[in-house]
Amino acid sequence: MLIDAEDYQRILGDELRKLRRSRGWTRKELNQHLQSEISLQTLATYELGTRQCSVVRLVELCVAMDELPQDLLAKVHRRVFVDEPGRVRVDLRKVVADASAELLPLRRWAEDRLRQAGEHGAAEVALDLPALERMAELCGLPTVDLIGRLRRYVSR
């Protein structure tokens with residue numbers, strides 16, 4: 001299974017932000033607990049998932065917030081690799097291989113996503129309910145039927 005680096009980074013940032021907020025801290029307050037000097041802008045970009053942080057920096061952030069780094073990464077891992085409620089994880093290559101006429105709009109979308117991702121891009125995506133509802137509408141299928149069909153395209 002390929003890792004979608006952007007998705008992983010975004011979820012890591014979201015978990016860092018949730019952890020900080022669970023402590024009731026602002027970014028400025030978190031910064032005061034850190035061993036090294038980090039700008040508030042840098043903290044913001046970590047939380048937004050637009051900037052990668054080193055392993056050492058991640059450990060520093062976790063230690064400051066009294067969280068074991070492995071526990072934080074386990075949360076990220078579960079969100080990235082395990083279906084979340086209301087989400088369906090789909091292997092786009094399997095969608096493209098399905099020749100069903102009613103899935104033509106979905107197949108075209110999957111082909112486009114694979115083309116955009118390139119040779120080393122993620123071939124698996126997690127679709128939320130609004131995306132599933134729109135795709136079902138485009139395919140002329142009830143959402144529950146589309147979800148049932150898409151479950152066959154899980155790569156595991």
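Visitor: In this predicted model, which residue of β2 is the bridge partner of D91?
Guide: The structure here is a predicted model, and within it strand β1, residues 87-91, is joined by five bridges to strand β2, residues 124-128. The two strands run antiparallel, and in β2 the residue that bridges to D91 is E124.

Visitor: How many of the five residues of strand β1 are buried?
Guide: Strand β1 covers residues 87-91 and is largely enclosed by the rest of the structure. That description holds because, of its five residues, the number that are buried is four.

Visitor: At what angle do helix α1 and helix α3 pack?
Guide: Helix α1 spans residues 5-22 and helix α3 spans residues 40-48, and their axes are 5 Å apart. Angles of 65 to 115 degrees would count as roughly perpendicular and those over 145 as roughly antiparallel, whereas α1 is oblique to α3. The angle at which α1 and α3 pack is about 120 degrees.

Visitor: Which residues of α3 are met by α1, and how many residues of this contact are charged?
Guide: From α1, the residues R10, G13, D14, L16, R17 and R20 take part, and they meet Y46, E47 and L48 in α3. Sorted by class, the residues of the contact of α1 with α3 include three nonpolar and one polar, while the number of charged residues is five.

Visitor: Which residues outside its sequence neighbourhood is A64 in contact with?
Guide: A64 lies in helix α4, where the buried residues are L58, E60, L61, C62 and A64. Its relative accessibility is 15%, so A64 counts as buried. Setting aside neighbours within four places in sequence, A64 is in contact with W25, L30, H33 and L34.

Visitor: Does V63 count as buried or exposed, and why?
Guide: V63 has its place in helix α4, and its C-alpha atom is separated by 50 Å from that of L104, which is 41 residues away along the chain. Since exposed means over 50% relative accessible area, and V63 has a relative accessibility of 59%, V63 counts as exposed.

Visitor: What is the phi value of D66, the residue in the loop between α4 and α5?
Guide: D66 follows α4 and sits in the loop between α4 and α5. At 69% relative accessibility, D66 counts as exposed. Its phi is positive in a residue other than glycine, with a value near 60 degrees.

Visitor: How many nonpolar residues does the contact of α7 with α8 have?
Guide: The axes of helix α7 (residues 104-117) and helix α8 (residues 129-139) come within 7 Å and cross at roughly 125 degrees, and the two helices are therefore oblique to each other. P105, L106 and W109 in α7 meet M135, L138 and C139 in α8. By class, this contact has no polar and no charged residues, and the number of nonpolar residues is six.

Visitor: How far apart are the axes of α8 and α9?
Guide: α8 and helix α9, residues 143-150, pack at an angle of about 105 degrees, which makes α8 roughly perpendicular to α9. L129, L132, E133, M135 and A136 of α8 make the contact with T143, L146, I147 and L150 of α9, and these residues divide into seven nonpolar, one polar and one charged. The distance between the axes of α8 and α9 is 9 Å.

How values were computed: Residues numbered from 1 in each chain as written. Predicted model: local features only at pLDDT ≥ 70, side-chain atom pairs only at ≥ 80, totals over all residues. Heavy atoms only, no water. Axes fitted to C-alpha atoms, helices over the stretch in contact; angles between N-to-C directions. Parallel < 35°, antiparallel > 145°, perpendicular 65-115°, else oblique. Contact = heavy atoms within 4.5 Å. Nonpolar A, V, L, I, M, F, W, Y, C, P; charged D, E, K, R; others polar. Buried < 20%, exposed > 50% of the residue type's maximum accessible area, 1.4 Å probe, protein only. Pairing = 2+ DSSP bridges.
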